[in-house]
Amino acid sequence: MKFFIDTANLAQIKEANDLGVLDGVTTNPSLMAKEGIKSNAAVMKHYVDICNIVKGDISAEVIATNYDGIVAEGEELAKLHEQIIVKVPMIKDGIKAIHYFTSKGIKTNCTLVFSAGQALLAAKAGATYVSPFIGRLDDVSTDGLQLISEIRQIYDNYGFQTQILAASIRHAMHIINCAKLGADVATCPLNAITDLLKHPLTDIGLEKFLADAKKFV
Ligand code: E4P
């Protein structure tokens with residue numbers, strides 16, 4: 001299972017990368033805006049900065065919603081760095097653009113996926129990744145993990161190579177359950193990753209080992 005971090009915050013990206021378990025980064029316009037980035041040129045520079053920190057797939061999202069615009073923006077993003085994955089929304093022109101990018105060897109991440117049917121279309125178009133947003137489904141009283149399970153079954157039935165990138169992850173249990181269900185990737189906030197470290201018995205056990213180690217001269 002690959003771990004991506006879902007942020008545009010460079011300090012958090014560095015911290016996760018230093019753990020040695022990071023395989024990539026996902027961003028979106030909201031995450032970029034949260035970092036106070038105010039121009040398209042600055043967004044582009046930020047993508048390159050992220051690529052220079054993490055040796056893995058870095059999702060960069062298009063803003064256009066029409067086919068020509070998505071293709072133009074995606075090609076520009078892909079030229080920024082070999083690690084860039086063009087993130088395209090799950091809309092009709094997005095699917096057409098993913099099909100085009102696939103034919104040109106440009107990797108894609110189909111984002112804003114909330115149903116198995118959408119995930120099936122993304123795979124048919126050749127998306128490298130599909131991003132089901134499990135936390136946002138949970139937020140509206142719909143089981144996000146059930147969607148991961150359905151997509152896994154459909155992709156396995158037909159051998160689709162599109163990787164399931166579980167997104168909108170809120171906490172460590174989401175990561176564990178996605179791993180159990182066979183998601184290929186989880187993109188997580190930093191705290192969800194570091195919360196995987198925690199267990200009170202580890203803390204108690206370490207305290208005792210260190211106390212006993214003091215008995216040695
Ligand atoms: C995925 O790529 C998105 O950036 C992200 O996971 C959305 O998560 P949110 O629901 O916490 O905004």
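Start by selecting helix 9, residues 172–181, in this predicted model. Its buried residues are A172, H174, I175, N177 and C178. Next, show what covers these buried residues: the cover includes strand 1 (2–6), helix 7 (134–139) and helix 8. Strand 7 (163–166), strand 8 (185–188) and helix 10 (190–194) also belong to the cover of helix 9. Step past the end of helix 9 to G182, which follows the helix and has a positive phi, near 90°.

Which cysteine sulfur is closest to that of C178? The closest is in C188, at 8.1 Å, and this is too far for a bond. A disulfide needs the two sulfur atoms within 2.5 Å.

Now select C51. C51 is buried as well, with a relative accessible area of 0%. The structure holds zero disulfides. C51 is accordingly in no disulfide, and its nearest cysteine sulfur, that of C188, is 19 Å away.

Display helix 3 (residues 40–53) together with helix 4 (residues 67–80). Their axes come within 10 Å and cross at roughly 40°. That angle is why helix 3 is classed as oblique to helix 4. The crossing of helix 3 past helix 4 is right-handed. To see the contact, show side chains for M44, Y47 and V48 on helix 3, and for E76, L77 and L80 on helix 4. How many residues of this contact between helix 3 and helix 4 are nonpolar, polar and charged? Five are nonpolar, none is polar and one is charged.

Finish with the pair formed by helix 6 (residues 116–125) and helix 8 (residues 144–158). The axes of helix 6 and helix 8 come within 9 Å, with a crossing angle of roughly 40°. Helix 6 is therefore oblique to helix 8. Viewed for handedness, helix 6 passes helix 8 in a right-handed crossing. On the helix 6 side, select A116, A119, L120 and A123. These residues meet L147, E150, I151, I154 and Y155 on helix 8. By class, the contact of helix 6 with helix 8 has eight nonpolar residues, no polar ones and one charged.

Methods:
Residues are numbered from 1 along each chain as its sequence is written. This is a predicted model: local features need pLDDT of at least 70, side-chain atom pairs count only at pLDDT 80 or more; totals for chains, interfaces and linings use all residues. Side-chain values use heavy atoms; hydrogens and water are left out. Buried means under 20% relative accessible area, exposed over 50%, partly exposed in between (1.4 Å probe, protein chains only). Axes are lines fitted to C-alpha atoms, for helices over the stretch in contact, and angles run from 0 to 180 degrees between N-to-C directions. Helices (H or I, at least four residues) and strands (E, at least two) are DSSP runs, numbered from the N terminus. Angles under 35 degrees count as roughly parallel, over 145 as roughly antiparallel, 65 to 115 as roughly perpendicular and the rest as oblique. A crossing is left-handed if the near helix is turned anticlockwise from the far one by less than a right angle, and right-handed if clockwise. Contact means heavy atoms within 4.5 Å. Ala, Val, Leu, Ile, Met, Phe, Trp, Tyr, Cys and Pro count as nonpolar, Asp, Glu, Lys and Arg as charged, and the others, Gly among them, as polar.
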